[in-house]
Structure formats: structure tokens, C-alpha cells
Amino acid sequence: MASDRQDDLRSLDEQDLVGRLVKLELNRYAESELTIQPVHVFRRTNIVRGHVLFSQINSLAIALMDADLAVTAKTELRFARPVHLGETVRARVDVIGEHGDIVRCRAVSHVYGDVAVQGVIWVHKDPSNLGAQFMDEGDAD
């Protein structure tokens, strides 16, 4: 646990976070670090699997929610640079907007100062009625 972390996790357990939580201000921003291990990469190329980088950002976005439960609603991510075995990925997710229970976040991952992944992730802070919303949309057809 990092000394500059300010808030405690609410929406998930720390062991569910991909990477090490470095900073957290609920409903504002969060940062984590992940050192790429052999289990994270394709054996032949030693390049990290895309879902690992997504998981770091996704779990960080969920972690920064000041809610008992939060789920991913949508993502738009661009992978800008391959990440290799042994490199450390520093991810940051910032809240940039809210509409009801949907929170829009900017996500950026860096390796050695280079952008590796960037984009937007939307998080649903209260998914208890999410199924009903989808059912209502289906009834409109």
C-alpha cells in the first residue's frame, strides 16, 4: 500500500485490482503500477497481452468509484505502443464527467513516459437496475 494514497477502496477488494494502487481520491482519480511478468506476455514475443493492459485500467476505473458496487458500462481504448516483459506500466484514470449513475473517465497508461494505452471508460455506479434498463430498451422495438 502506497503512502500517498488518500482514500480507501469501496467498490472492490484490493486483491481484485490489477497492479499496485499508488494514489486514490474517490470520484476524482486513481493511479496504479504494474510490472509485466512472464504470465502477462505472449511466450513467443514477450509482448503483453492486451487484456492485461485493459484489466489494469478497468479495475482502476472501478476502484475510484465511491460506491459499494460499480461495473464497466463501455470503453473506447487505443493501444499506442507494445509493452514488453519487465516493463512497468503506470496507469491513471480521471473522472471527467457524470450523468446520473454513469461516470465518464479518461484513462492513460505510460511506460517510460510513452503512452501505451489511452482512451475513455464509462463506469456504472449503481448497476442494480441495469438489467431493467436493457429490457426497457428491447421493448421499444
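Helices and strands here are DSSP runs, helices of at least four residues and strands of at least two, numbered from the N terminus.

**Figure 1. Overall view of the predicted model.** The protein in this predicted model has two helices and six strands. Read from the N terminus, the order of the elements is β-β-α-β-β-β-β-α. The chain has 141 residues, and 41% of them count as buried. Among contacts with a separation of 6 or more, 59% are between residues 24 or more positions apart. The accessible surface is about 7900 Å², and carbon and sulfur atoms account for 47% of this surface.

**Figure 2. Pairing of strands β2 and β4.** Strand β2 covers residues 29–35 and strand β4 covers residues 88–99. The two strands run antiparallel and are joined by seven bridges. One of the residues in this view is Thr35, whose bridge partner in β4 is Thr88.

**Figure 3. The hairpin of β4 and β5.** Strand β5 covers residues 102–111 and runs antiparallel to β4, with nine bridges between them. His99 stands opposite Ile102 of β5. Two residues lie between the strands of this hairpin, and Gly100 has a positive phi near 65°. In a regular strand, side chains alternate between the two faces of the sheet.

**Figure 4. Helix α1 and its surroundings.** Helix α1 runs over residues 50–63. With 14 residues at 1.5 Å each, α1 should span 20 Å, a value that agrees with the 20 Å between its end C-alpha atoms. Ten of these 14 residues are buried, so α1 is largely enclosed by the rest of the structure. The buried residues include Val52, Leu53, Gln56 and Ile57. Also buried are Ser59, Leu60, Ala61, Ile62 and Ala63. The buried residues of α1 pack against β1 (20–25), β2, β3 (71–79), β4, β5 and β6 (114–124). An α-helix has 3.6 residues a turn, so residues three or four places apart point the same way.

**Figure 5. Asn58 in helix α1.** Is Asn58 buried or exposed? Its relative accessibility is 17%, and the cut-off for buried is under 20%, so Asn58 counts as buried. Which residues is Asn58 in contact with, leaving aside its neighbours within four places in sequence? They are Thr72 and Ile121.

Definitions and conventions: Residues numbered from 1 in each chain as written. Predicted model: local features only at pLDDT ≥ 70, side-chain atom pairs only at ≥ 80, totals over all residues. Heavy atoms only, no water. Buried < 20%, exposed > 50% of the residue type's maximum accessible area, 1.4 Å probe, protein only. Contact = heavy atoms within 4.5 Å. Areas by Shrake-Rupley, 256 points an atom, 1.4 Å probe, with all protein chains shown as cover. Pairing = 2+ DSSP bridges. Expected span 1.5 Å × (residues − 1).
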